Amino acid sequence: MQKCGLPQILSCITYSMCSMLMTLLNKSLASTHNTIPLSVIMLVQNVVALGLIRLSSATLPSNTLAALKMELPPIEMRVVREWIPVNIFFIAMLFSGFMTFTMVTVSLVAICKNVTNMFTTVGDYYFFGQPITRNIVFALLLMVVAATLGASNDLVTPEKGINISALTWLTINCFTTSGYTLQIKRSQTQTGISPFACSYYNALIATPIMLLWSLGTGDLYACVHNPNVKDPVLLLSLGVSSFLGFCIGFSVFWCISATSPTTCSMVGAITKVPLAVLGILIFKEPVTHKRIGFIALGLLAGIIYTRTKVLERERQRAKMDDADSFDVEKPVALKTELVKMRSSQHESNESESSSDGGRNRVVTNKVSSC
């Protein structure tokens, strides 16, 4: 059983806090996209992440890097080519996420992002042959119901009808997040690099792309010459969100190394509960019984799904361990069985010889008596 001590607790709290703060700050920055264009925000975040990754790799002790699996391999063009599709999904995920935050509440994003799990589960089954159990189907149905009810409550109004733009960006973000997850799984298998190196290649490839994007659209020039950009609160939010972008990756690796991937997954699912509450409080989202019910249903579905996937992963790992132990013990078992067969065969031959000898003695006595 995994020991639960201060390092384990701190790693889980750090991951949860970084995840919540990053989401809330991105929501805050998205609301100011007229002051700082989204392409510039993404450029700054990737530049800061790239610099911090290089700095941590150069300054942290080698044993710490090895323990947290944060060692950086040398840059290879083979890996860069393999990572370009991942980065396309990565940039699309970031941009659609920011666009979603400009139109949708944090609490709705928290429950609707669960729909991403449905796309990922189908992709896992189609591309990687991962089984889909009844419990997973049940959890996915709960997620879809919660997301549908939540979207109908937030994105549909009697005056304006359906908010097509918000629904479109939310759907695109779910698709691109799922595609990013599946593509990174494939590319990581092909290249064999660590998750920390994945973050490094993401920032390395995204930085020049976002630089060209912001220059080509004129966003960077407009941002530099915008006097409102000098607002200290705005610059602090941008700097902290960029720093948290790196810290999330670091906290994930710390949480996994201190506990397990299972615990890290559960922390990520449970974190959505206080995130939804904080989103309502900080951004003054309207509170109704329907909204609270939909949020609770969606978060419960996310926890059930995560727990179900964790149990399925543990069962598969147990089966693999049993298969490995069988493969190790198989030669010994076969050898023992062979020895037993030879021994029994030898005893059978001896008994047959003794019985044949007895019969021969009986026949000889009869002949001699005759």
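Biologist: In which helix is T271 found?

Modeller: This model is predicted, and in it T271 is found in helix 12, which covers residues 261-282.

Biologist: Is T271 buried or exposed?

Modeller: Relative accessibility is the value to read, and a residue under 20% is called buried. T271 has 4% relative accessibility, so T271 counts as buried.

Biologist: Which residues is T271 in contact with, leaving aside its neighbours within four places in sequence?

Modeller: With those neighbours left out, T271 is in contact with S16, S19 and M20.

Biologist: How many residues has the largest nonpolar core, and which have the most contacts inside it?

Modeller: The general idea is that in soluble globular proteins, nonpolar side chains tend to be buried together. In this model, the largest nonpolar core has 69 residues, and I36, I41, W83, I193, F196 and Y201 have the most contacts inside it. Helix 4 gives the most to this core, namely 10 residues. A second, separate core has seven residues, among them L140, M143, A301 and Y305.

Biologist: What is I193 in contact with, leaving aside its neighbours within four places in sequence?

Modeller: I193 is in contact with V79, W83, Q188, C198 and Y201.

Biologist: How many aromatic pairs does the count come to?

Modeller: The count comes to seven aromatic pairs. One of them joins W83 and Y201: the ring centres are 6.5 Å apart and the planes stand at 50°, so this pair is tilted. It links distant parts of the chain, as W83 is in helix 4 (residues 77-101) and Y201 in helix 9 (residues 195-216), 118 residues apart. Both W83 and Y201 are buried. Ring pairs also link W83, Y200 and Y201 into a cluster.

Biologist: What kind of pair do F90 and Y180 form?

Modeller: F90 and Y180 form a tilted pair, with 5.6 Å from centre to centre and 40° between the planes. F90 lies in helix 4 and Y180 in helix 8 (residues 164-191), so the pair ties together parts 90 residues apart in sequence. F90 and Y180 are both buried.

Biologist: Which rings have a charged residue over them?

Modeller: The charged end of K27 sits over the ring of F283, 6.0 Å from its centre. K185 lies over the face of F128, 4.5 Å from the ring centre.

Biologist: How is helix 9 to be read, and where does its kink lie?

Modeller: One compares the span of a helix with the expected value. Helix 9 has 22 residues and reaches 31 Å from first C-alpha to last, close to the 32 Å expected at 1.5 Å a residue. A kink of about 25° lies at A206, shortly before the proline P208. After helix 9 comes G218, whose phi is positive, near 80°.

Biologist: What covers the buried residues of helix 9?

Modeller: The buried residues of helix 9 include F196, Y200, Y201, A206 and M210. Their cover includes helix 2 (38-59), helix 4, helix 8, helix 10 (219-224) and helix 11 (232-258).

Terms used:
Residues are numbered from 1 along each chain as its sequence is written. This is a predicted model: local features need pLDDT of at least 70, side-chain atom pairs count only at pLDDT 80 or more; totals for chains, interfaces and linings use all residues. Side-chain values use heavy atoms; hydrogens and water are left out. Rings of Phe, Tyr and Trp (its six-membered ring) pair if their centres lie within 6.5 Å; planes under 30 degrees apart count as stacked, over 60 as edge-to-face and the rest as tilted. Helices (H or I, at least four residues) and strands (E, at least two) are DSSP runs, numbered from the N terminus. Buried means under 20% relative accessible area, exposed over 50%, partly exposed in between (1.4 Å probe, protein chains only). A charge sits over a ring if NZ of Lys or CZ of Arg is within 6 Å of the ring centre and within 35 degrees of the ring normal. Contact means heavy atoms within 4.5 Å. The expected span of a helix is 1.5 Å times one less than its number of residues. The bend at a residue is the angle between axes fitted to the seven residues ending there and the seven starting there. A nonpolar core is a set of buried Ala, Val, Leu, Ile, Met, Phe, Trp, Tyr and Cys residues joined through side-chain atoms within 4.5 Å.
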